[in-house]
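Thanks for making the time this morning. I would like to walk through a few local features of one model, and I will start with a question before going through the parts in turn.

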Amino acid sequence: QNVLKMTAINSNYADPNKLKFEEIKILGVFQEIKGVTVTQNNVVENSQLNITYNPSEKVAHITGLQLELGKSYTVEWSEKLNVNRRFNCYPSPNPTREKCEQLGCVWELVTSSSDIPPCYYNSDNAYSVEKVEYTSSGLSANLTVNSTKTRANKNFTTPISTLRLEVKYHLNNMLQFKIYDYQNARYEVPVPLNLPSSPTSTDKERLYEVSVQKKPFGIQVRRKSTGTVIWDSQLPTFMFSDMFIQISTLLASQYIYGFGETEHTTFRRNMSWHTWGMFTRDQPPTYKLNSYGFHPFYMGLEEDGNAHGVFLLNSNAMDVTFQPTPALTYRTTGGILDFYMFLGPKPELVVQQYTALIGRPVMPPYWSLGFQLCRYGYKNDSEIAQLVEGMKAARIPYDVQYADIDYMERQLDFTIGSDFAGLPALINKIKEEGMRFIIILDPAISGNETDYPTFSRGVQDDVFIKWPNTNDIIYSKVWPFLPNAQVNESLPEQSQIQIYGAHTAFPDFFRNSTVKWWKREILEFYNNPTNASRSVKFDGLWIDMNEPAAFLNGAIGGCRNDILNMPPYIPYLGYRSDGLTVKTLCMEGQQYLPDGTPVRHYDVHSLYGWSQTKPTLE
């Protein structure tokens, strides 16, 4: 590394013109060169050298050399690591020199800024490629691990040695590269993508070209027309273990969209197929957004105006960290690395190519684009009726009215509370006047009722998430409180929940039986089969709390699998010391895909909202 050896095969040659090498250009240098040493026969040559560095082209230029033809020389150089180019080697809380050096990394504390990681990579990653196999539609290679460079100080973080890289040129404007364990099946996101049955790109028409660095392993994607490198992971930060995966890439531009801000802005944001996955700058959050959709996707605007997009198909808990290089690091707690890249080249084409892969957004009904009114805390249906009349009298534009959980009997899904007995008739009246009505539904279903068909039919149809290898439902606490409970409202909220909260079960919306059950409950609420006057003719459903949300961490009685609930790496979730179960289910919860494949909640947690949305829409 960082050594150029020039060996004269015929040392008896003497150049009559005394020709010399006076300059050298070094390509692919990621940091500024700070020192050059020239030796001949182990004797250091004294010469006045000039070193320049072009960071955009990653080229170092050394001039002032006096390397005579016919003589052997060794040229060595070292790189000056800018603090902005440090890749965090210990992203967990409370780094120390000891923890850092156990990972084979460098410890250097910079007291002037807490943003600069004190523990950082300063050597090659542990993986290399011996042979790359090329085809007309992509390439593949096996990755081998150098045991002397492995970085692990906890269980489940030892690098996996049986990795395979596959690159597929799906379309002229879209490619995929995937890194997975070829000997052991691992969880992969079960969301279908709209991929061509076979690659349809051609070498002449492709907008990109791919190269693989063999040692250390790295992959580079370049735009053909301009030479711009849009992905470059030839960095010492690639790691793939049982429960921790990390990969870094240098960015083609400082202008990155899709995370909510450009990359130089300090921010952290929940971006998950509920609330997992955050895009961070390795520091405390400036704000958080609670969201129910997770798209690990960004669009980069290149310096010449071209645009590209990058999508990581991974649903495990993750965070993505920016740094000013510009570069970013993906860290995820499981699954595989499955990246898709879109070459645009216009921003609108990048979005079109991305949605062509994952599915176009649902076309909203025209009425949903109107003015909508929604709040929590209505006391009865008369209050809603008076509000509607008041809005009309004030001539305020008004198209859609909502009802929050207030309308339910003790917050039980598919029920109508006694104070809202007139809601079905009110909805019909509102609709006759040309307005629309939306009601809320939560996924948590109470198990403490004496006569609650939604729960009893769910048990009969086996729709709820259970403890692994048992027939026992995992119960937590959300809505509602226990029936006939006299709640002491002077107690703190958490005390009220602990004392009065009912046992609630969570449906596994991946299962075919759950889909059938959920659709039936919705249809029978819309068309009451026993009492037509209680049919709730809603126009839309507001599915809420489907992170899934709970009012306590994990489950009643606690969780049972420490490693899943407190994995070796905890992303920036706001409460890292409490693990992954903050206000949600235990990670060992057993779920089943439509084909019967068992999956852990640990892997599909961030798909819970998506799994509920699909049958609800249907």
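Does Phe 538 count as buried or exposed, and at what relative accessibility? Please keep in mind, while you look, that this is a predicted model. Phe 538 counts as buried because its relative accessibility is 11%, and the cut-off for that word is under 20%. Its ring partner is Tyr 526, and the two form an edge-to-face aromatic pair, with 5.1 Å from centre to centre and 75° between the planes. Tyr 526, by contrast, is partly exposed, because its relative accessible area is 27%. The pair links distant parts of the chain, in that Tyr 526 belongs to helix H7, residues 512-526, while Phe 538 sits in the loop between H7 and strand E32, twelve residues away.

Let me turn to helix H2, residues 347-358, which has twelve residues and reaches 17 Å from its first C-alpha to its last, close to the 16 Å expected at 1.5 Å a residue. Which residues of H2 are buried? They are Val 350, Gln 353, Tyr 354, Thr 355 and Leu 357. As background, an α-helix has 3.6 residues a turn, so residues three or four places apart point the same way. The cover over the buried residues of H2 includes strands E13, E22, E23 and E26. After the helix comes Gly 359, with a positive phi near 115°.

Finally, a sheet. Three strands form an open sheet in the order E2-E6-E5, paired antiparallel. Its edge strands are E2, residues 20-27, and E5, residues 50-54, each of which pairs on one side only. Neighbouring strands of this sheet are turned by 25° against each other on average, with direction ignored. Between E2 and E6, the latter spanning residues 59-68, there are seven bridges, and the bridge partner of Ile 24 in E6 is Ile 62.

I will stop there and take questions.

Note on methods
Residues numbered from 1 in each chain as written. Predicted model: local features only at pLDDT ≥ 70, side-chain atom pairs only at ≥ 80, totals over all residues. Heavy atoms only, no water. Pairing = 2+ DSSP bridges. Helix = DSSP H or I, 4+ residues; strand = E, 2+ residues; numbered from the N terminus. Axes fitted to C-alpha atoms, helices over the stretch in contact; angles between N-to-C directions. Expected span 1.5 Å × (residues − 1). Buried < 20%, exposed > 50% of the residue type's maximum accessible area, 1.4 Å probe, protein only. Contact = heavy atoms within 4.5 Å. Phe/Tyr/Trp six-rings, centres within 6.5 Å; stacked < 30°, edge-to-face > 60°.
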